[in-house]
Amino acid sequence: MNHHHHHHHLQPSYLLLFLLLLFRPSHGEVGTSAQYGPPFLPTTCYGYDPGQFPSSNLFAAVGDGIWDNGAACGRQYLVKCISAAEPGTCVPDQVIQVRIVDFAPTAVSPPSYAGTTMVLSDTAFGTIANSTALSINIEFQQI
């Protein structure tokens with residue numbers, strides 16, 4: 001009697017991809033980012049206080065997804081560009097730390113692209129990606 005056991009194996013490549021996604025060293029979330037330039041004041045978080053911006057000028061406004069009813073103000077995020085519409089946009093393996101200072105939908109200056117997870121200051125955006133890009137895909141992690 002022939003016992004044909006049909007085991008449905010995942011393709012090894014898919015399995016590997018799944019494991020890589022599951023056990024990535026960073027537990028970051030994936031989202032999108034645009035950029036914005038001055039004027040930056042006033043911000044929803046801190047109004048006209050110039051001391052709200054880190055000396056590095058690496059700061060950001062966030063969209064509804066991580067605004068958390070304003071609790072996002074002052075949070076620090078690690079941000080990395082992972083891909084974009086135009087190949088070669090990202091600066092490889094460049095991670096920045098940004099401080100959240102504003103709510104993107106009501107920021108004084110409009111973002112380069114609407115509806116993103118996070119809108120980086122022009123300095124921050126230009127550090128991890130080609131500054132001519134309108135939007136990029138990012139990996140971000142609160143610290």
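Me: Where is the place of Pro39?

Reply: Pro39 is in the loop between strand 1 (29-36) and strand 2. Keep in mind that this is a predicted model.

Me: OK. And the peptide bond from Pro38 to Pro39, cis or trans?

Reply: That bond, from Pro38 to Pro39, is cis. Its omega is near 0 degrees.

Me: What about the peptide bond from Leu41 to Pro42?

Reply: The bond from Leu41 to Pro42 is cis, again with omega near 0 degrees. Pro42 lies in the loop between strand 1 and strand 2.

Me: Now Asn57. Where is that one found?

Reply: Asn57 is also a residue of the loop between strand 1 and strand 2.

Me: What is phi of Asn57 near?

Reply: Phi of Asn57 is near 60 degrees. That is a positive value, and Asn57 is not a glycine.

Me: Let's zoom out. How many helices and strands does the chain have?

Reply: There are three helices and six strands. Along the sequence, the pattern reads α-β-β-α-β-β-β-α-β.

Me: How much of the chain counts as buried?

Reply: The chain has 143 residues, and 35% of them count as buried.

Me: What share of the contacts with a separation of 6 or more comes from residues 24 or more positions apart?

Reply: Such residues account for 77% of those contacts.

Me: Back to strand 2. Which residues sit on each side of that strand?

Reply: Strand 2 covers residues 59-62. Phe59 and Ala61 are on one side, with Ala60 and Val62 on the other. All four are buried, and both faces of strand 2 are covered.

Me: Strand 2 and strand 4 pair in which sense?

Reply: Strand 2 and strand 4 (residues 95-103) are parallel, with four bridges. Within that pair, Ala60 stands opposite Ile100.

Me: And strand 2 with strand 5, parallel or antiparallel?

Reply: Strand 2 and strand 5 (residues 118-121) run antiparallel, joined by three bridges. Ala60 stands opposite Leu120 in strand 5.

Me: Next topic. Which residues of the largest nonpolar core touch the most other members?

Reply: They are Tyr77, Val79, Val98, Met118, Leu120, Ile128 and Ile136. This core has 25 residues.

Me: Which elements each supply at least two residues of this core?

Reply: Five strands do: strand 2, strand 3 (76-83), strand 4, strand 5 and strand 6 (136-142). Helix 2 (64-67) and helix 3 (122-128) do too. The largest share, four residues, comes from strand 4.

Me: Pick Met118. Leaving aside its close sequence neighbours, which residues is it in contact with?

Reply: Past four places in sequence, Met118 is in contact with several residues, including Ala60, Ala61 and Val62. Tyr77, Val79 and Val98 are also among the contacts of Met118.

Me: Which residues does the second, separate core include?

Reply: The second core has nine residues, among them Tyr36, Phe40, Phe53 and Phe59. Ring pairs also link Tyr36, Phe40, Phe53 and Phe59 into a cluster.

Me: How many aromatic pairs are found in the whole structure?

Reply: The search finds seven aromatic pairs.

Me: How many salt bridges does the structure hold?

Reply: One. The side chains of Arg75 and Asp68 form that bridge, at 2.9 Å from N to O.

Me: Where is the place of Asp68?

Reply: Asp68 is in the loop between helix 2 and strand 3. Phi of Asp68 is near 60 degrees, a positive value in a residue other than glycine.

Me: Last one, Thr89. Buried or exposed?

Reply: Thr89 is buried, because its relative accessible area is 6% and buried means under 20%. Thr89 is in the loop between strand 3 and strand 4.

Me: What does the side chain of Thr89 reach?

Reply: The Thr89 side chain reaches the backbone oxygen of Glu86, at 2.5 Å. Not counting residues up to four places away in sequence, Thr89 touches Ala84, Ile128, Ala129, Asn130, Ala133 and Ile136.

Terms used:
Residues are numbered from 1 along each chain as its sequence is written. This is a predicted model: local features need pLDDT of at least 70, side-chain atom pairs count only at pLDDT 80 or more; totals for chains, interfaces and linings use all residues. Side-chain values use heavy atoms; hydrogens and water are left out. A salt bridge is a side-chain nitrogen of Lys or Arg within 4 Å of a carboxyl oxygen of Asp or Glu. Buried means under 20% relative accessible area, exposed over 50%, partly exposed in between (1.4 Å probe, protein chains only). Two strands pair if DSSP finds at least two bridges between them. A nonpolar core is a set of buried Ala, Val, Leu, Ile, Met, Phe, Trp, Tyr and Cys residues joined through side-chain atoms within 4.5 Å. Contact means heavy atoms within 4.5 Å. Rings of Phe, Tyr and Trp (its six-membered ring) pair if their centres lie within 6.5 Å; planes under 30 degrees apart count as stacked, over 60 as edge-to-face and the rest as tilted. A polar contact is a pair of N or O atoms within 3.5 Å; within protein, one must be able to donate a hydrogen and the other to accept it, and residues adjacent in sequence count only if both atoms are side-chain atoms.
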